[in-house]
Amino acid sequence: MERFEQYEIWSPQENSARWQLIAAFHDFDVASAVASRRGRRVRLIHAVYLDGKLAEQQVIAELGSPRENP
């Protein structure tokens with residue numbers, strides 16, 4: 001079984017509740033630096049893939065505009 005880990009930066013799509021992947025990095029420090037410098041709301045996520053499929057995903061931080069309560 002092939003295991004692959006990366007840190008992903010996700011951003012919400014405009015006028016939608018869906019999120020889209022905008023960047024991925026192997027190094028946490030690089031991903032964190034890029035995420036913190038973006039002007040818009042983003043999520044920094046640690047993702048683990050097994051055999052090319054997402055097996056585990058953990059939101060590390062949400063940066064930018066605060067979450068909206070429904």
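Strands E3 and E4 sit side by side in the antiparallel sense, joined over 9 bridges. Two strands count as paired if DSSP finds at least two bridges between them. The names come from DSSP runs too: helices are H or I runs of at least four residues, strands are E runs of at least two, and both are numbered from the N terminus. To see one spot in this pairing, find Ile45, which stands opposite Val59 in E4. E3 and E4 form a hairpin with 2 residues between them, and Asp51 in that turn has a positive phi of about 50°.

Before going on, a word on what you're looking at. This is a predicted model, so local features need pLDDT of at least 70 and side-chain atom pairs count only at pLDDT 80 or more, while totals for chains, interfaces and linings use all residues. Residues are numbered from 1 along each chain as its sequence is written, and side-chain values use heavy atoms, with hydrogens and water left out. As for pLDDT, that's the predictor's confidence in each residue, from 0 to 100. The chain averages 89, with 91% of its residues at 70 or more. Among its elements, E3 has the highest mean pLDDT (96) and H1 the lowest (93).

Now step over to the other neighbour of E3. E1 pairs with E3 in the antiparallel sense over 8 bridges, and here Glu5 stands opposite Val48 in E3. E1 (residues 3-12) is also joined to E2 by 6 bridges, and those two run antiparallel as well. Look for Tyr7 in this pairing: its bridge partner in E2 is Phe25. What holds such neighbours together? Strands of a sheet pair through backbone hydrogen bonds, either parallel or antiparallel.

Where does the helix go? Contact means heavy atoms within 4.5 Å. Follow the chain from the N terminus and the elements run β-β-α-β-β, giving 1 helix and 4 strands.

How covered up is all this? Buried means under 20% relative accessible area, exposed means over 50%, and partly exposed is in between (1.4 Å probe, protein chains only). E3 is mostly covered, with 8 of its 9 residues buried. Across the 70 residues of the chain, buried ones make up 26%.

For a last stop, visit Gly64, in the segment after E4. Is Gly64 buried or exposed? Gly64 counts as exposed because its relative accessibility is 55%. Leaving aside residues up to four places away in sequence, Gly64 touches Arg40 and Arg41. Ala23 is 41 residues away from Gly64 along the chain, and their C-alpha atoms are separated by 16 Å.
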